[in-house]
Each structure stands twice: as structure tokens, then as C-alpha cells.
Amino acid sequence: MLSITYIFHSSFLVTTPKCSIIFDFWKDPYGMMHQLIDADKPVYVIVSHFHKDHFNKDIFTWASKYKDIRFILSKDTAQRARYIFSPTSTHSGPHLDKSCLTVLRPGEAFCDNLITVNAFGSTDEGNSYLVSVDGKTIFHAGDLNAWIWKDESSQKEVDDALALFRKKLEPISEHLSGDNDKIDVALFPVDSRLGTDYWEGAKIFLHTFRVGTFIPMHYGLGTEEEQLRRRFDAARFDRYADPSYPTEFIGPLQTYGSVSKLNEFNTKND
């Protein structure tokens, strides 16, 4: 059984009977994530890119908390954290051995006896990832999206952004060709800051791949309460579904302002 917990913005915790996987940790506003992790099982920390809403250097302090931990970083993230893994660094914070570090570029993969992580490209910095674990495939987009600002851009700029996005999807399509062409869970940006047709990237993604469960992310930015609420509500938008395939939509996993800070679900068809 595979369970996914929304942490914040684009961060999720995946737990299986054998391991835990943390994607794009930025912050844990309610301080509950570590309560859900079994410290006696392997922990994988995956970072798509170095942007501050996807990467927090505090993750490296977790090496003292979990006896079996692996950091899987994009190249740009690793470059910004290289002093932590350098034996000659004068950094006063944590120093980690490179044996717990894997750096992936698009087209590369990490595999052990529990998980396989395939890195793909992004329309912004770093990577997107397709992770196979416990018989399931999970896609975390990072900042891969159709970043079209229709209210501010020329038609050519919009067309170029859409063309780039479709091009970045091609290697994923090639990887998924054949019998194993389904993505069980897709974690994908649905960010209403884009304005008109902010859901276009999600629509293209869902019309390109067979996705069992779609979960929006990247809607946690904002400085005002009402602004955050609007973005949270907008992430529930699901008119981008492909009517030819029965994708399940899990709506933002955290009910805004709720006392129940974290919610979990088990992927269907376990």
C-alpha cells in the first residue's frame, strides 16, 4: 500500500511499507511530517531544483535523524549545496559524506532494490521525476509546466512556451511507451498566478499521458490570507480532464484553514 501526504506547496511525503520519499521540501508549517516517517526504514529526499519554494538546506540536517537516508538532487541544487559534501569545506553547518548523495541530470536514473528514479527535463530549472516504488509510478513535475502568461505575453511568446513544454514531454512519452504507459499518480503545478488559462499545462499533460490520480501543487505562494485562499480554491479546477480516460482528481489535499493539517490517501487499485 502506498500513501501520499501533502506537506506544503509542492512538497509531498510518500510512504510505503518499506521506505519513505520526500519531494521538494520547503517548509512544514504544522511540524507534522517527521511524525509520519518511520526512522528505521530508508528515507529518500528528492529535490527537483534550487528555487527556494522547492529546496530548503535544512534537509541535510536530517542525516542525523535517519540512519538510512539518500539525497537525490538535480545538478543545479547540488552545485548550490556542494560545500556540504566537500571534505575540505569550512562550512560550520552539517557536513555529509558523498556516499548518501546522488546527482541526476535529465536522462539519468537512480535505482536500488526499493525505488527507481528517472530524471526528465523542465521548462524552468532542474528536473522533473518519474519514481517507481512498490509497483506504482509517481510523477513529480517540479517546475515543469506550460508557463504561459497570456494576459502579459505576445501570441508568439505563448506559442513558444507551449512548444517548449510539449518538447519536454517527449522523453517522458518515449520512456512510458509500451506496456507500462500509465502514471499512477501525477503531482503537477496548477498555479492561478498565470492568469488566463492557468490550467493549460495540466490539460496538455492529461491529454498526453494516462494518469490514474492527479494532484495539483504549487499553489502555496502568497502574502495575504485572502490571496492564498483564492489560489488554493483555484487549484481545485478540473475542467482540464481528458474525458476519454477516468482520471481521479484529489483536490488540494489540505483543507485551507482546517484544524486537520495533513490528509492522506491511498492510491486506488492497491
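I started with Asp197, which counts as partly exposed at 24% relative accessibility (buried is under 20% relative accessible area, exposed over 50%, partly exposed in between, with a 1.4 Å probe and protein chains only). This is a predicted model, so I kept local features to pLDDT of at least 70 and side-chain atom pairs to pLDDT 80 or more, while totals for chains, interfaces and linings use all residues. Residues are numbered from 1 along each chain as its sequence is written, and side-chain values use heavy atoms, with hydrogens and water left out.

Asp197 makes a salt bridge with Lys150, at 2.6 Å from N to O (the rule: a side-chain nitrogen of Lys or Arg within 4 Å of a carboxyl oxygen of Asp or Glu). Asp197 is in the loop between E11 and H3 and Lys150 in the loop between E10 and H2, so the pair ties together parts 47 residues apart in sequence. Elements are DSSP runs numbered from the N terminus: helices are H or I with at least four residues, strands E with at least two. Lys150 itself is partly exposed, at 31% relative accessible area.

**Other salt bridges.** I found eight salt bridges in the structure. One of them joins Lys67 and Asp40, 4.0 Å from N to O. Lys67 sits in the loop between strand E4 (43-47) and strand E5 (69-74), and Asp40 in the loop between strand E3 (20-23) and E4, so this pair links parts 27 residues apart in sequence. Lys67 is exposed at 68%, and Asp40 is exposed at 59%.

I also looked up Asp160 and Lys156, whose closest N and O atoms are 2.7 Å apart in a salt bridge. Both lie in helix H2, four residues apart, about one turn of the helix. Asp160 is partly exposed at 40%, whereas Lys156 is exposed at 57%.

**Glu200.** Skipping neighbours within four places in sequence, I get contacts from Glu200 to Ile148 and Leu162, contact being heavy atoms within 4.5 Å. Also buried in H3 are Gly201, Ala202, Ile204, Phe205 and Leu206. The cover over the buried residues of H3 includes H2 and strand E11 (182-189).

I then went to the largest nonpolar core, 85 residues, where Ile21, Phe60 and Phe71 touch the most other members. (Core here is a set of buried Ala, Val, Leu, Ile, Met, Phe, Trp, Tyr and Cys residues joined through side-chain atoms within 4.5 Å.) Helix H2 (residues 155-175) gives the most to this core, six residues.

Phe60 is buried at 1% relative accessibility. Leaving out neighbours within four places in sequence, its contacts include Phe55, Phe71, Leu73 and Pro94. The Phe55 and Phe60 ring centres are 6.1 Å apart with planes at 70°, so I logged the pair as edge-to-face. (Rings of Phe, Tyr and Trp, its six-membered ring, pair if centres lie within 6.5 Å; planes under 30 degrees apart are stacked, over 60 edge-to-face, the rest tilted.) I count 15 aromatic pairs by that rule.
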